[in-house]
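Trainee: I'm new to this, so please take me through the model one topic at a time.

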Amino acid sequence: MQQKTYYPKAAEIQRDWLLVDAEGKNLGRLATRIAHVLLGKHKPTFTPGVEMGDFVVVVNAQNVTVTGTKTESRLTSKTYYHHSGYPGGLKAISLRDQLATFPDRALREAVWGMLPHNRMGRAVLKRLKIYGGAEHRDGAQKLKALD
């Protein structure tokens, strides 16, 4: 008798809402943990190519830390680029300024780098909610703390 491979159906996938406090956490280590949960790799029923991950709500993103031997120079030398699409439209911002003005973008960029760069990765990233301060708008969901 041939064994059939289990493939989860959309109705069988249980999505939880997890709350992460980024206060004092390392940017890279936090991003890997969030990407792991968004993809659903923490679940025993994980199947590659299936969106099984949970929703993740991150608060206090502006208080994330960056470590290394040259932490001060890392905050100024790490640069994020984006282009407006027009000639001469290349914009650059340092990590220090990014954390001060748009704290959610630095963490979102780090998590995106750890997700697959395809249709599934873009869909998974939509389940990530990042807030710079301590308050958030997702209180209606039953949030569980992510360890």
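Trainee: In which kind of crossing does α1 pass α4, left-handed or right-handed?

Mentor: In this predicted model, α1 passes α4 in a right-handed crossing, where the near helix is turned clockwise from the far one by less than a right angle. Local features need pLDDT of at least 70, side-chain atom pairs need 80 or more, and totals for chains, interfaces and linings use all residues. Residues are numbered from 1 along each chain, and side-chain values use heavy atoms, without hydrogens or water.

Trainee: At what angle do α1 and α4 pack, and how far apart are their axes?

Mentor: Helix α1, residues 27-39, packs against helix α4, residues 103-112, at an angle of about 60°, and their axes, lines fitted to C-alpha atoms over the stretch in contact with angles from 0 to 180 degrees between N-to-C directions, are 8 Å apart.

Trainee: New topic: how many helices and strands are in the protein chain?

Mentor: The protein chain has 5 helices and 6 strands, which are DSSP runs of H or I over at least four residues and of E over at least two, numbered from the N terminus. Read from the N terminus on, the elements run β-α-β-α-β-β-α-α-α-β-β.

Trainee: And what box do the C-alpha atoms fill?

Mentor: Taken along the principal axes, the C-alpha atoms of the protein chain fill a box of roughly 60 × 35 × 30 Å.
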